[in-house]
Amino acid sequence: MKTQGMRIVEFGFSVDEILKCVFAESAWRALRDKDANKRPAIITEDNRIVLEFMMQDAYVNICSRFIGYINAYDFRSIDTGIMTLSLAIPEQLDSLLDSILQKRIEHAMTCYVLYMCYDTEGYSVASDEYHQRYSTAINSVRGSLTSPTTARITLNWL
């Protein structure tokens, strides 16, 4: 479904790589919290099944944010370990930026999962922070797609 002035980009998101980022961010949050009584539990591999459900929700949410650009998707692809998403993006957007777009979407997925993990009583600050980081990542990608000649992506690394 390629339209005039658009090119198709295939993205593959590794479930394992995104979960590594979730685990690392969770450990960092616990380490930097000085109050041991309020410190959140560290998210680990033991939580994988629930995290995969959360990641699928994040994937569907992200797909919905790019509905006008989707060429193909497979929300069941989490079972294979690679979630796939094909977007029709403006041809003017330099293909060198494709890997940056992928990293921003991966970052958004990580933040959305963490947002859901911390969306419980007592962790609203963390939840709000991750929701903001998710929104920033999504908005930077959407901005690049809608204004490809002036695309600027600010990377907020985990």
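## Strand 3, wrapped up

How many of the nine residues of strand 3 are buried? In this predicted model, the count is seven of the nine, so strand 3 is largely enclosed by the rest of the structure. Here, a residue is called buried when its relative accessible area is under 20%.

## Partners of strand 3

Let's look at what strand 3 pairs with. Strand 1 runs antiparallel to strand 3, and nine bridges link the two. To spot this pairing in the structure, find I8, which stands opposite A88 in strand 3.

Strand 2, covering residues 70-73, is also antiparallel to strand 3 and is joined to it by three bridges. Here you can look for I70, which has L87 of strand 3 opposite.

Now follow the chain through residues 15-32, the 18 residues of helix 1. From first C-alpha to last, helix 1 reaches 26 Å, close to the 26 Å expected at 1.5 Å a residue.

Which residues of helix 1 are buried? They are V15, I18, L19, V22, F23, E25, S26, R29 and A30. Viewed down the helix axis, these buried residues fall within an arc of 165°, so they line one face of helix 1. Their cover includes strand 1 (6-14) and strand 3 (82-90), along with helix 2 (48-65), helix 3 (98-117) and helix 4 (124-146).

## Helix 3, largely enclosed

Helix 3 is one of the elements covering helix 1. Its 20 residues reach 29 Å from first C-alpha to last, close to the 28 Å expected at 1.5 Å a residue. Of these 20 residues, 16 are buried, so helix 3 is largely enclosed by the rest of the structure.

Key:
Residues numbered from 1 in each chain as written. Predicted model: local features only at pLDDT ≥ 70, side-chain atom pairs only at ≥ 80, totals over all residues. Heavy atoms only, no water. Helix = DSSP H or I, 4+ residues; strand = E, 2+ residues; numbered from the N terminus. Expected span 1.5 Å × (residues − 1). Buried < 20%, exposed > 50% of the residue type's maximum accessible area, 1.4 Å probe, protein only. Arc of directions from axis to C-beta. Contact = heavy atoms within 4.5 Å. Pairing = 2+ DSSP bridges.
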